[in-house]
Structure formats: structure tokens, C-alpha cells
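Thanks for making time this morning.

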Amino acid sequence: MITHKFTPYFHHYSLFVLPFRTYTKNTSTTSPQIINFFTNSLGFSPPNAQSLLQRLPGGGLKDLNNPKSVINFFKSLGFSDTQIRNCVYNRPQILSSSIDKTLKPKIQLFQDLGLVDFDLGKFFSWNSELLSRNLAKTIVPCIDMLRPIMDNDKDLVVVISRSNWIFKRDPEKVLKANVGFLMECGIVGSRLSMTLKRQPWILTKNVGDLRELVGRVLEMGFSAESTMLIHAIHTINSMTSETLMRKFRLFRSVGFSEDECSFLFRKMPVLFRASEEKLRVGLLFFMNTAKFDKEVIMRNPTCLMYSMEDRVIPRYKVMEILKSKELLETPPRFVKVLSMKEDVFLDRFISSFPSEAAQLLLAYKERSSKFSEQSEVQQDALHS
């Protein structure tokens, strides 16, 4: 290092006195070297490599020794190249992490939960944020709280995978409080573990918001013991009150009473998570084309959840052909036909009629443009 004293009174005489300068050797890896590492060693495209460079802590890497060691470490665990790329792209700072002090302890924790080889890589490629979370203060307390609740470690991993937001919440103030409240509501034992497995987001809500949400559901006629309670909570949480009311109004517009709408909601709350358009098209078809009474829909609300294009319309067309040709001795109820598995339907209503099979199969595979046009007319009438 070469240093020269800076004297303000003589700064014009630079031939004799130089201003203060410090010469240091730049030991950081240059940007082109990093870009080259990202593209050649990890398989990133140049634009993604440039994006990664900009997101690196400090804007670069001191050298490539540690990043290469991190990559080799992941490979030794059985991570695929794609999984490694996902981890690095989502959390580029892990390239500077200590393998022994930071990465290994976290990896070991999830190996103890039963994750190995490709499954371990798959887990971290989707949850790479965990590699930069504090192990002692965040990850371990959350797992210690959830592990006794879940039936097994496999289910625990499912909960974590489906909502890694739980690691952003205080284990004591939020997670433990929400679990305690659910238990107060009577959701305990296997019901609690199943609830967390299916709806892990519930753990991340502020306890006050969760209490208010459950209160709204109970006001709609659900009991704490109802197996549909958690589905209703999910439905209410997934939309505004106005959206739910619009869906209720849609049912009322085709003849359902307020009590019947509430009955449908209690019977199958997941139905109301379907879009308004899907519900509208389904109601128009079943009540106007298939001639269902509303009582049939109330007993079988699942029919509104089936795909109109892939299941309902194709099966309806096949059944209409068979009835028009009087090939069915006793035509089954269409609502029952809808519930059949694909292979059962094909075997019973297409393969069983070899002389008509070609026409039936064509009708089954053909998209119903006629129904689409008919539906648009009916929708216009509904809004007029």
C-alpha cells in the first residue's frame, strides 16, 4: 500500500505533493466470472444469470470457491441440477453460506424427518427460503410445536411444504395461539392434524382474525363438531362477503330460497369457492337443459363441481343418443351417470353398443359449441 499525505495548502502543487490515495488489490470475483459460473456451471440463461448477480448480497462474490463447494454439497445429497438451480435462484445468498455451520445442520434436521435424496432436493427447491432462516430461533421451535400434533413426520413435511409461511410467524404468539384456539373449538386429535394438513394457512393468521373468521362461520349455522367447519372457514377466508353474497343471489335468481342457499353452503362449502361463471353455467344447464329440480341439486351439489366441457356435456350427449335410439331398457338417472368413473362410463355406455360406438365416441369427444351458444342466450335472459 502506498500512502501520501494530503496538505490542503499545497493541493495546487501536485507535482510535488500528491493527494491522499490508498491502493488496494481487488480480490472480489469480477462480474463476467460470476455470470460465466452461473451459465456454465449451473445452466442459467444469461438474463437469469444477470438477475442473480444483481440479487447477490453486496452485489458479488468474494471468490468462487465457496459457491462451488455449496453446489457440490447439494449434489452429494442427491439434488438434481434443476433443484439446485431453483435453490440458488430463489436464495442466491446460500452460495456464500458456510456448509458446516449453516447448511448441514438445517439439512440434517429435515433428513431426520425422513427426507432423503431426490425428495430432499424437491423439498428445498420449493422451500429454499428455509436455508436462510435462523435454525435455533425459527425453524426448530416451529417444528417442535407442530411435531406432537401431526400423526407422523411425513404429514409434518406436507404442512411445511404447503405453507412455509409458518416460519415467518412467532411460534409462541401466533402458531401456538392458533393451535390452542382450534382446540378450544373442539378441533382436536386427528381432526386437528387433518385440518393443518389440508389448510396449513390457518396457522399463519393473527389469532384475532382467526377468532373473527370462525365466529362468522358459526353464525352461518355450523357447529364446532361439524366436519365441514374447516372447509367453511377456508371458503369464507378465500373471498369477500360481497362475493359470497353474489353467489347466494345467483342461486336465488334460479329459484333457491335463502334457507336453501344456506343449506347448500353448510352441506358443501367448497362449492362456493367455484367461480360465479362456473356456477351460473352449471345451474343453467342442469335446470334448463337436463331438467333437474332444485331438490336434485340440493341432494347432489357435487354435480356443479364437475367440468362442463370434459364430463357433463359429453356424457349428456351420449345419454341423449342412447335414449333417442331407445337402446337403454331403463335409463339411469343422469346425476348417477355423472358420478361414474371414466372407464366405467365408457364400458357401460359406449363399448356395450358396438354398432353405435363410433357415433357415441364422436359425440363424447366433441366439444359442445351448441351448448355454449345456448348458454350465452340463457345468461342474457338471466341478466335482463
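The largest nonpolar core in this predicted model has 118 residues, where a nonpolar core means a set of buried Ala, Val, Leu, Ile, Met, Phe, Trp, Tyr and Cys residues joined through side-chain atoms within 4.5 Å, and buried means under 20% relative accessible area, with a 1.4 Å probe and protein chains only. Helix α17, residues 308-324, gives the largest share of this core, 8 residues; helices here are DSSP runs of H or I, at least four residues, numbered from the N terminus. The residues with the most contacts inside the core are Phe110, Phe286 and Phe334. If we take Phe334 and leave aside its neighbours within four places in sequence, its contacts, meaning heavy atoms within 4.5 Å, are Phe285, Phe286, Ala290, Phe292, Val312, Arg315, Tyr316 and Met319.

Before going on, a word on conventions: residues are numbered from 1 along each chain as its sequence is written, and side-chain values use heavy atoms, with hydrogens and water left out. Since the model is predicted, local features need pLDDT of at least 70 and side-chain atom pairs count only at pLDDT 80 or more, while totals for chains, interfaces and linings use all residues.

Now the aromatic rings. Rings of Phe, Tyr and Trp (its six-membered ring) pair if their centres lie within 6.5 Å, and planes under 30 degrees apart count as stacked, over 60 as edge-to-face and the rest as tilted. By this rule the count comes to 21 aromatic pairs. One of them, Phe345 with Phe349, is tilted, at 5.4 Å centre to centre and 45 degrees between the planes. Both residues belong to helix α19, residues 342-351, and are 4 residues apart, about one turn of the helix; Phe345 and Phe349 are each buried. Elsewhere, ring pairs link Phe222, Phe248, Phe251, Phe256, Phe265 and Phe272 into a cluster.

What does the side chain of Asn127 make a polar contact with? Its partner is the side chain of Asn164, at 3.0 Å. Asn127 itself lies in the loop between α6 (117-126) and α7 (135-146), and it is buried, with a relative accessible area of 2%.

Finally, confidence. The mean pLDDT (the predictor's confidence in each residue, from 0 to 100) is 87 for the chain, and 88% of its residues reach 70 or more. Over residues 372-384, however, the pLDDT is below 50, and it stays under 50 over residues 1-27 as well.

Conventions
Helices (H or I, at least four residues) and strands (E, at least two) are DSSP runs, numbered from the N terminus. Buried means under 20% relative accessible area, exposed over 50%, partly exposed in between (1.4 Å probe, protein chains only). A polar contact is a pair of N or O atoms within 3.5 Å; within protein, one must be able to donate a hydrogen and the other to accept it, and residues adjacent in sequence count only if both atoms are side-chain atoms.
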